[in-house]
Amino acid sequence: MTTATPAIRLTGLTKSFGSVVAVDSLDLDIAEGEFFSMLGPSGSGKTTVLRLIAGFERPTSGTIELRGHDVTDRAPFDRDVNTVFQDYALFPHMTVLENVAYGLRVRGIPRERRRKLAREALESVALGGFGDRKPSQLSGGQRQRVALARATVVEPKVLLLDEPLGALDLKLREQMQVELKELQRSLGITFIFVTHDQEEALTLSDRIAVFNAGRIEQLGTPAEIYESPASSFVASFVGTSNIFDAASSQTLLGVSGVTSIRPEKIALVAPGTAERAGAVSLPGTIAEVIYLGTATRLLVELADGRRLTVLEQNATARADTDRRGDAVLARFATTDLVPLKASG
């Protein structure tokens with residue numbers, strides 16, 4: 001994916017709405033052919049960045065480059081990008097084939113040629129036999145595929161996706177995540193994906209930018225973001241983390257600074273179990289047990305009232321016994337502790 005010239009380069013990008021700074025002096029390179037996700041809560045600036053790249057918003061300051069060309073002042077139709085929205089934005093009076101061919105028609109492609117390209121695009125999203133149907137005759141997942149076919153048939157250099165799976169139910173979302181990643185790999189187009197769903201970002205992305213208050217809190221691969229969160233915000237927003245402030249880290253763990261530990265890194269053992277070198281053992285009581293099917297989440301209350309979240313994989317069938325009130329040791333390796341910096 002690494003090239004001398006990135007697909008997208010944002011330099012000093014700022015967008016203000018009155019006194020509100022939605023995007024704050026953003027510098028970012030997105031590589032050619034990369035599946036890049038912008039992840040963050042509502043109001044963090046990720047969608048505004050997408051709209052700036054698309055040309056739907058004008059920056060207050062800064063520049064936007066597409067493959068080395070400054071497109072900051074270009075209109076949306078004059079940028080070699082396309083956008084897929086959460087609501088699909090299909091024309092209800094047109095057939096599926098006509099919807100997909102619409103962008104080609106606008107570009108003046110002859111009728112037979114655009115119908116051929118539209119059919120090929122529908123084949124690429126497994127909808128080859130659906131060209132004569134209307135959008136109202138399709139399921140949500142099928143309409144989303146049509147929107148993807150329409151966006152990709154014009155061969156944009158960059159495809160922008162604004163929470164495109166947000167309206168789908170869980171099972172369909174998971175199916176579409178796999179299909180979306182396979183489509184991106186087959187097309188080789190740079191995908192820029194906006195989502196507030198952390199699991200979706202971890203599943204799909206080559207790299208993730210975690211947004212907070214108009215800035216990028218952390219930029220990295222899914223594994224880097226999850227295993228080595230840079231701040232308390234990232235540790236809390238991406239997955240679940242047990243966070244110890246500086247005082248607790250020093251008192252309970254014997255380490256300096258703010259730290260975090262993921263729930264799956266903690267094992268529960270019986271009191272009196274022999275100590276293990278390089279591990280911390282915190283005595284506590286199981287306060288709650290939550291069965292999740294593939295795993296069980298437990299809340300362990302420590303002596304100071306703090307609660308740790310622990311995740312145990314259900315590798316074998318377990319009896320449905322009530323473990324609440326059981327005394328345990330919450331044990332984890334000090335090497336699994338992640339030091340955190342302050343957010344912002």
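This is a predicted model: local features need pLDDT of at least 70, side-chain atom pairs count only at pLDDT 80 or more; totals for chains, interfaces and linings use all residues.

- What does leucine 159 touch, leaving aside residues up to four places away in sequence? Its contacts are Asn82, Thr83, Val84, Leu148, Ala151, Thr152, Ile189, Thr190, Phe191 and Ile192.

**Strand β9 and its partners**

- Strand β9 (residues 207-212) is largely enclosed by the rest of the structure, because 5 of its 6 residues are buried.
- With strand β3 (residues 35-39), β9 pairs in the parallel sense over 4 bridges; serine 37 has isoleucine 208 in β9 as its bridge partner.
- With strand β10 (residues 215-220), β9 pairs in the antiparallel sense over 5 bridges; here asparagine 212 is bridged to arginine 215 in β10.
- A hairpin is formed by β9 and β10, with 2 residues between them, and alanine 213 in the turn has a positive phi of about 55°.

**The open sheet**

- Five strands make up an open sheet with antiparallel pairing, in the order β13-β17-β14-β15-β16.
- Why is one side of β13 (267-269) and of β16 (307-313) left without a neighbour in the sheet? Both stand at the edges and each has a single partner strand, so there is no neighbour on one side.
- On average, neighbouring strands of this sheet are turned by 45° against each other, direction ignored.
- Strands β14 (residues 279-291) and β15 (residues 295-302) run antiparallel and are joined by 7 bridges; valine 289 has leucine 298 in β15 as its bridge partner.

**Helix α3**

- The 14 residues of α3 should span 20 Å at 1.5 Å a residue, and the end C-alpha atoms are 20 Å apart, which agrees.
- Buried in α3 are Arg114, Leu117, Ala118, Ala121 and Leu122. They cover an arc of only 140° around the axis, so they lie on the same side of α3.
- An α-helix has 3.6 residues a turn, which means that residues three or four places apart point the same way.
- The buried residues of α3 pack against α2 and α4, while the face turned away from the buried side carries the exposed Glu112 and Glu123.
- After α3 comes alanine 126, with a positive phi near 60°.

Methods. Residues are numbered from 1 along each chain as its sequence is written. Side-chain values use heavy atoms; hydrogens and water are left out. Contact means heavy atoms within 4.5 Å. Buried means under 20% relative accessible area, exposed over 50%, partly exposed in between (1.4 Å probe, protein chains only). Two strands pair if DSSP finds at least two bridges between them. Axes are lines fitted to C-alpha atoms, for helices over the stretch in contact, and angles run from 0 to 180 degrees between N-to-C directions. The expected span of a helix is 1.5 Å times one less than its number of residues. The arc is that of the directions from the helix axis to the C-beta atoms.
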